[in-house]
Amino acid sequence: MNSELSSQQVKDIGEQGLLERLQRFCPPEIIGDDAAVLETVPGQSLVVTTDVLVDGVHFSNLTTSPEDAGWRGAAANLSDLAAMGASPLGITVGLGLPGELRVSWVERLYQGMTECLQKYNTLIVGGDVVRSPVTTLAITAFGQVNPSQIIRRSAAAIEDAIVVTGIHGASHAGLELLLHPELGQNLNNEEKTALIRAHQRPQPRLDVLPILWKILTPNSQLSIAGMDSSDGLADAIIQICRASGVGAVLERRQIPVSKTFNHWLTPDQALKYALYGGEDFELVLCLPQELASALVQHLGEGAAIAGRITAGSTVILHDEQKKFPDQVLNLSQGFQHFGQ
């Protein structure tokens with residue numbers, strides 16, 4: 001990139017100049033009007049989700065490049081669609097930017113979003129730009145789903161198995177390594193890189209959906225409960241139980257965590273990362289035991305049946321070997337946006 005162009009600031013080219021730069025990331029036949037028109041096929045429901053990322057809260061230049069911030073923003077929204085059983089159609093992007101911000105930073109942000117979206121044939125179809133004292137990225141994603149395949153938090157049934165589609169705690173571990181490079185001295189470079197990448201380039205689990213629908217084909221009328229674990233595994237299970245009016249037992253030793261945790265974390269630290277670290281963007285699904293076992297087998301390494309749905313309203317962390325007492329899980333230990 002030309003050095004003179006890379007040093008340009010947003011205020012140098014203004015809103016229209018910036019929009020002109022960013023339009024090349026969008027399909028020309030869709031943008032240009034006051035709103036995007038997305039055609040969906042008959043028998044499909046439109047799913048819409050919005051996520052906001054704020055500089056200093058969700059990303060920072062200490063841990064996240066502009067490309068990584070863009071990827072994470074896109075991935076968070078695609079993960080929400082996956083959690084509803086929906087396939088993505090497109091996203092719109094709202095930007096709040098300080099005038100002093102370099103144009104190249106914004107272009108790199110869009111490059112990261114595009115790199116993530118291309119994996120899922122998803123387009124940026126529009127958005128808005130405003131002046132703001134803090135860099136803010138607000139993404140709205142649109143998806144479609146067959147009404148019979150909508151995944152809801154409120155559909156968990158007693159005796160359902162709780163499936164997690166991958167390991168938990170890796171994103172938080174990667175963040176800790178970025179913030180404190182002296183940590184993880186027992187890890188090799190490949191192991192460190194894998195954990196850092198889990199934080200900077202999370203993978204939304206849209207790949208789970210075709211496998212899930214294939215397994216459920218003979219049980220097409222069965223409702224599946226679920227959500228993603230972006231706010232932590234404990235949060236996801238508690239939210240599902242609240243919405244469904246049930247409780248759960250989570251088995252301590254069945255929670256899938258990175259094998260590298262054994263090299264540098266205590267068991268308590270590893271458990272805390274997995275339960276409350278957040279931003280792993282795996283799916284947490286509740287379905288009958290036989291189907292859950294089939295799903296885990298198809299997904300392979302990392303996926304696990306981590307517990308079961310019970311009567312009542314309490315979510316309990318249990319240890320089958322009885323080396324640890326039962327623990328009631330709650331939301332207060334996770335990240336709280338407006339906590340003191």
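**Strand 8 and the sheet around it**

All the residues of strand 8 (residues 283-287), 5 of 5, are buried, so this strand is largely enclosed by the rest of the structure. Buried here means under 20% relative accessible area, with exposed over 50% and partly exposed in between (1.4 Å probe, protein chains only); strands (E, at least two residues) and helices (H or I, at least four) are DSSP runs, numbered from the N terminus. This is a predicted model, in which local features need pLDDT of at least 70 and side-chain atom pairs count only at pLDDT 80 or more, while totals for chains, interfaces and linings use all residues. Residues are numbered from 1 along each chain as its sequence is written, and side-chain values use heavy atoms, leaving out hydrogens and water.

Side chains in a regular strand alternate between the two faces of the sheet. In strand 8, L283, L285 and L287 point one way, V284 and C286 point the other way, and all are buried. Strand 8 pairs antiparallel with strand 5 (residues 161-164) over 4 bridges, where two strands count as paired if DSSP finds at least two bridges between them. Another 4 bridges tie strand 8 to strand 6, again antiparallel. L285 turns up in both pairings: V163 stands opposite L285, and L285 is also the bridge partner of G226.

Zooming out, these strands belong to an open sheet of 7 strands with mixed pairing, in the order 6-8-5-9-7-10-11. Its edges are strand 6 (225-228) and strand 11 (327-328), each pairing on one side only. Elsewhere in the sheet, strand 7 and strand 9 (residues 304-310) run antiparallel and share 4 bridges, with L250 partnered by G307 of strand 9.

Then there is helix 10 (residues 267-276), whose buried residues are A270, L271, Y273, A274, L275 and Y276. These pack against helix 5 (170-179), helix 8 (233-244), helix 9 (261-264), strand 7 (247-251) and strand 10 (315-318), a contact being heavy atoms within 4.5 Å. Just past helix 10, G278 takes a positive phi of about 80 degrees.

As for the whole protein, there are 11 helices and 11 strands. The radius of gyration is 21 Å, close to the 20 Å given by the globule rule for 340 residues, so the protein is as compact as a globular protein of that length; the radius is taken over C-alpha atoms, and the rule is 2.2 Å times the number of residues to the power 0.38. Buried residues make up 52% of the 340. Of the contacts between residues at least 6 apart in sequence, 86% join residues at least 24 apart.
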